[in-house]
Amino acid sequence: MTAPIDEGYVKYQSDWIQGAPPDEGIVAELDRWRAPLFEAGLIGHDDTHDVGFGNLSVRAGGEEFVISGTQTGHLETTGPEHYCRVTAVETDANRVHCTGPIQASSESLTHAALYALDPDISAVVHVHSPALWQRCRGSLPTTKPDVSYGTPEMAHEFERLWRETDFPNCRLAVMAGHADGLVSVGASLEQATEAMLALYRS
Ligand SMILES: [Zn+2]
């Protein structure tokens, strides 16, 4: 998503080095688990606002992860040219360092905040769904409504949820301050994706 971040916050900045695509095996797995999310409309394109939504990532050693590129939501299938490796994140400066054929999603900061919660988190799924957001806000672990995505405050909110709620077990959270936004985490892409799809089907 490219919706503007609230005034008063440092704007998202991407330090992008154009380079080789991520490993083919990683890309194939990302595309495999993206497919059912796209089919369910949890990743896609908002024609009204002409903006893509939803993204997924997988840890690629240490703090690094591979994430879908910016403005790829409309694509039915994805290839190596649509993914980027995030090599470092400066949360307080809202700055992401990434390398690949396409810039990382502007929601990389949210993904980074989730990986920082636990070394066992190896995959992150972020979707948009008005229906799930309305239904689950407040009943699933939910970040505070006055906290915008892509901010240091959101990272702290996820830490709070990880400590104080069922988030580590249910693997799902709602972002009340990010319209229609939900996240899931897992030890694998399969686990993170299945958590979201199970919610969608329930
Ligand atoms: Zn979003």
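A charge is taken to sit over an aromatic ring if NZ of Lys or CZ of Arg is within 6 Å of the ring centre and within 35 degrees of the ring normal. In this predicted model, arginine 137 lies over the face of tryptophan 133, at 4.1 Å from the ring centre.

**Zinc site**

The zinc ion is coordinated by Glu107 through OE and by His126, His128 and His178 through NE2, at 2.0 to 2.2 Å. The angles among the four donor atoms run from 79 to 162°, and the site is irregular, because four donors count as tetrahedral if all angles lie between 85 and 135 degrees. Along the chain, the donors follow the spacing E-x18-H-x1-H-x49-H. Glutamate 107, in the loop between strand S7 (95-100) and helix H2, and histidine 126, in strand S8, link distant parts of the chain and are 19 residues apart. Glutamate 107 counts as buried at 1% relative accessibility, and histidine 126 likewise counts as buried at 1%.

Helix H2 (residues 108-115) is largely enclosed by the rest of the structure, since eight of its eight residues are buried; among them are His111 and Tyr115.

**Strand S4 and its partners**

Histidine 126 also has a place in the strand pairing, for it stands opposite asparagine 55. Strand S4 (residues 55-59) pairs with strand S8 (residues 123-128) in the antiparallel sense over four bridges, and S4 pairs with strand S5 (residues 65-68), again in the antiparallel sense, over three bridges. In S5, isoleucine 67 is the bridge partner of serine 57. S4 and S5 form a hairpin with five residues between them, and glycine 61 in the turn has a positive phi of about 100°.

In a regular strand the side chains alternate between the two faces of the sheet. Both faces of S4 are covered, with Asn55, Ser57 and Arg59 buried on one side and Leu56 and Val58 buried on the other, and five of the five residues of this strand are buried.

**Aromatic pairs**

The structure holds three aromatic pairs. One of these joins phenylalanine 158 and phenylalanine 167 in a tilted arrangement, 6.3 Å centre to centre with 40° between the planes. Phenylalanine 158 is buried, with a relative accessible area of 0%, and phenylalanine 167 also counts as buried at 0%. Phe158, Trp162 and Phe167 form one aromatic cluster.

**Salt bridges**

Side chains of opposite charge can pair when their charged atoms come close. A search of the whole structure finds five salt bridges, including those in the table.

| Salt bridge | N to O distance |
|---|---|
| Glutamate 64 and arginine 85 | 2.6 Å |
| Lysine 144 and glutamate 157 | 3.9 Å |
| Glutamate 194 and arginine 201 | 3.8 Å |

Salt bridges that share partners join Lys144, Glu157, Arg160 and Glu164 into one network. The salt bridge between glutamate 64 and arginine 85 links distant parts of the chain, with glutamate 64 in the loop between S4 and S5 and arginine 85 in strand S6 (residues 83-90), 21 residues apart. Glutamate 64 counts as partly exposed at 23% relative accessibility, as does arginine 85 at 26%.

In the salt bridge between lysine 144 and glutamate 157, lysine 144 lies in the loop between strand S9 (142-143) and helix H4 (152-164), whereas glutamate 157 lies in helix H4, 13 residues apart. Lysine 144 is partly exposed, with a relative accessible area of 41%, whereas glutamate 157 counts as buried at 5% relative accessibility. Glutamate 194 counts as partly exposed at 31% relative accessibility, and arginine 201 is exposed, with a relative accessible area of 58%.

How values were computed: Residues numbered from 1 in each chain as written. Predicted model: local features only at pLDDT ≥ 70, side-chain atom pairs only at ≥ 80, totals over all residues. Heavy atoms only, no water. Buried < 20%, exposed > 50% of the residue type's maximum accessible area, 1.4 Å probe, protein only. Helix = DSSP H or I, 4+ residues; strand = E, 2+ residues; numbered from the N terminus. Pairing = 2+ DSSP bridges. Phe/Tyr/Trp six-rings, centres within 6.5 Å; stacked < 30°, edge-to-face > 60°. Donors = N, O, S within 2.8 Å, 3.2 Å for Na, K, Ca; no water. Tetrahedral: all angles 85-135°; square planar, octahedral: opposite > 155°, others 65-115°. Salt bridge = Lys/Arg side-chain N within 4 Å of Asp/Glu carboxyl O.
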